[in-house]
Amino acid sequence: MGKEVIPEAVEIMKEAASRYKSFEVETSEFECGGAYYLEHDREWSEDAERFVKTEADAILLGGIGAKNDKGETVKLPNGNLAGYSVVIGLRQSLDLFANVRPVKLLEGIHSPIADKTSKDIDMVIVRENTEGLYIPARGRLSNREEGDLAVDLRVITAKASERVSRFAYELAESRSGAPVDGAKRVTCVDKSNILAGCRLFRESFDKVGLDFPKIYKDYAYVDAWTLWAIQKPEYYDVVVTTNAFGDIISDLGGALQGGLGISPSANIGLSKAMFEPVHGSAPDIAGKNQANPIAAILSLAMMFDWLGSRHGNKDMAKAAEAIRQGIESTLRDSDVRTKDLCLGRWSNVAASSTSEVASEILKRIKW
Ligand SMILES: NC(=O)c1ccc[n+]([C@@H]2O[C@H](COP(=O)([O-])OP(=O)(O)OC[C@H]3O[C@@H](n4cnc5c(N)ncnc54)[C@H](O)[C@@H]3O)[C@@H](O)[C@H]2O)c1
């Protein structure tokens, strides 16, 4: 489904480049993931891997994950999803340490929580992206007398915990605070009542926090956070957490803002960054022109934000904001939306296709 939503984002990217004279965008496109693996026995070409790792400034990635003709997910011989080295591998090899997932309920989206509106939900989840439970240190022993045994090692370091905490505090400084009270607040989400790694993560959060005296520090155990995020989402501004917890709670964040079809993300490192919709390859709707392109287009806006601040280019920040405005106007002022958003007040609206939504957004962008 990446093949359907990413081209829509790329078209908007090219339009932006043609509108602003202060920057140019050069794009190179590569196939990768399960479908590519089925055909070539590699997750992507050598050329793609070399280019992405050494030459690209920013990477825009569609969801990976394909099914074979028996309907099974395509996997590598070691059991990992085919495409693993592109998504998880790049996060590690390029040291993209902060996974940033904004959660904002836009006007024109049916709120999954009855009494909450777009004024209540506007937070960013920042997930440590390079270690924790997702480092490639795992194994399985089979055919033992006692039965199978599997181990997934979880590694937490002070260095990675401190740098992702610093990223979260800096992000909070740049935002306007939590919807409930305008307080610039960073919530550390962990399981430090039980796990040693989480205790180190929290200590690192506190240590770095000393450099940010004006930011309000807040703490939640991950299980309690999932409850509070539903009961009082307006309380949260920036939330920082470890890798696997972040993976899980950000899907809850996706639900809070109306679904995976509108949930963007960024993987930020010191010199490179990768932008991707949070969703996967959605095999249930792939190839039908039904997928919501907004998550991919919002990811593009995050890419322009990042490139703009990296190159000191204000027009890129303007392009990012114009793209977000185009999306907001489409949802707020029109009925054009894909099927996943035809809920509540919009349940009787005829669903638009992927390309119709993208064209409407492009039409409404005021560059
Ligand atoms: N980063 C990634 O590339 C990534 C992330 C998650 C899952 N995956 C892979 O994707 C495949 C499918 O996984 P899954 O079904 O668990 O997750 P998924 O995110 O692909 O889909 C979950 C549900 O959300 C819906 N959905 C997702 N994106 C949508 C969009 N843009 N518009 C409308 N509806 C959308 C799907 O139709 C599906 O019902 C698996 O192989 C999985 O491993 C990849």
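Begin with the whole chain in view: the C-alpha centres of domain 1 and domain 2 lie 24 Å apart. The model is a predicted one. To see the two parts, colour residues 1-107 together with 258-367 as domain 1, and residues 111-127 together with 155-257 as domain 2.

Next, turn to the boundary between these domains. Here 21 residues of domain 1 are in contact with 23 residues of domain 2. The size of an interface is often given as the accessible area lost when the parts come together. For domain 1 and domain 2, the buried area is about 1,900 Å², and carbon and sulfur atoms supply 54% of it. Now select Arg101, Val103 and Leu105: within domain 1, these residues lose the most area to domain 2, and together they account for 39% of what that side buries.

Select Asp95 and Arg163 and display their side chains, which meet in a salt bridge with an N to O distance of 2.7 Å. How many salt bridges does the rule find across the interface of domain 1 and domain 2? The rule finds 1. As for polar contacts, 12 residue pairs are counted between the two domains, with both residues of each pair at pLDDT 80 or more.

Finally, select residues 98-104, which form strand β2. With 7 residues, strand β2 gives the most to the side of domain 1 that touches domain 2. Colour that side of domain 1 by residue type: its residues divide into 12 nonpolar, 4 polar and 5 charged.

How values were computed:
Residues numbered from 1 in each chain as written. Predicted model: local features only at pLDDT ≥ 70, side-chain atom pairs only at ≥ 80, totals over all residues. Heavy atoms only, no water. Domains from an automatic or database assignment. Contact = heavy atoms within 4.5 Å. Buried area = accessible area lost by both parts, 1.4 Å probe. Salt bridge = Lys/Arg side-chain N within 4 Å of Asp/Glu carboxyl O. Polar contact = N/O pair within 3.5 Å; in protein donor to acceptor, adjacent residues only side chain to side chain. Helix = DSSP H or I, 4+ residues; strand = E, 2+ residues; numbered from the N terminus. Nonpolar A, V, L, I, M, F, W, Y, C, P; charged D, E, K, R; others polar.
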